[in-house]
Amino acid sequence: MKSLRFVMFVALMALSPVAFAQSDAQKSSVASVPSEAQKSFATVKSLAGEWEGPVTVPDMPEMSGGKPMHLSMRVTSRGNVLVHEFQEAGTPLDATKYDHPVTMFYVDGDQLTLIHYCDAGNRPRMTGKMSPDGKTVEFELKDISGSTEYHMHHSLFTIIDANHHTEDWTFMMNDKPIHAHFDLQRKN
């Protein structure tokens, strides 16, 4: 009798992975409805690629009209993160000489989130929402790690078409907003 119970126990244990696999397959076959944050993230991820274009800084005209900016956006971490890297076009990747801010986009719970790793040495975190027409994603400051004296405070991404988008960033300098407008064309 003991051996029969043992054989039954072993048989049940052997079948349990099959039962769990079938249960997982049934769960994955039911299409889940993407959240607003996931829809917004999909919109931002559609910008993956290489971009270039001029920057206009109305609050500081001396910063406008220089070399165009180069933007690299790539999806990583099995599709869970978008890496956004700006630099002046034609400059080498040398963080000791050139500004090279990095921004990471991801879904955190029910929020589209970005963290901007700024050359000012801080890390503003913003949450974003997509407009009803699906053409813009606007980010508002949630919190900041590091100094708050100089920091990114707001951003707005506007998709014109698959090969053209704009980015508007607001940088705070001692509580004074500085606005920068990037007009970007896809390079690949």
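## Aromatic pairs

Rings of Phe, Tyr and Trp (its six-membered ring) form a pair if their centres lie within 6.5 Å; planes under 30 degrees apart count as stacked, over 60 as edge-to-face and the rest as tilted. The structure holds five aromatic pairs. In one of them, Phe 105 and Phe 139 have ring centres 5.6 Å apart and planes at 65 degrees, so this pair is edge-to-face. Because Phe 105 lies in strand E5 (residues 102-108) and Phe 139 in strand E8, the pair ties together parts that are 34 residues apart in sequence. Strands (E, at least two residues) are DSSP runs, numbered from the N terminus.

Phe 105 is buried, at 0% relative accessibility, and Phe 139 is likewise buried at 0%. Buried means under 20% relative accessible area, exposed over 50%, and partly exposed in between (1.4 Å probe, protein chains only). Ring pairs also link Phe 105, Phe 139, Phe 157 and Trp 169 into a cluster.

## Basis of the model

This is a predicted model, in which local features need pLDDT of at least 70 and side-chain atom pairs count only at pLDDT 80 or more, while totals for chains, interfaces and linings use all residues. Residues are numbered from 1 along each chain as its sequence is written, and side-chain values use heavy atoms, with hydrogens and water left out.

Two strands pair if DSSP finds at least two bridges between them. Strand E8 (residues 136-145) runs antiparallel to strand E9 (residues 150-161), and five bridges join them. Val 137 has Phe 157 in E9 as its bridge partner. Four residues stand between the strands in the hairpin of E8 and E9, where Gly 146 takes a positive phi near 100 degrees.

E9 also pairs with strand E10 (residues 164-173), in the antiparallel sense, over 10 bridges. Here the bridge partner of Ser 155 is Trp 169 in E10.

Thr 127 is found in strand E7 (residues 123-130). With a relative accessible area of 18%, Thr 127 is buried. Contact means heavy atoms within 4.5 Å. Leaving aside neighbours within four places in sequence, Thr 127 is in contact with Gln 111, Leu 112, Thr 113, Glu 138, Phe 139, Glu 140 and Lys 142. Among these residues is Phe 139, whose ring pairs with that of Phe 105.
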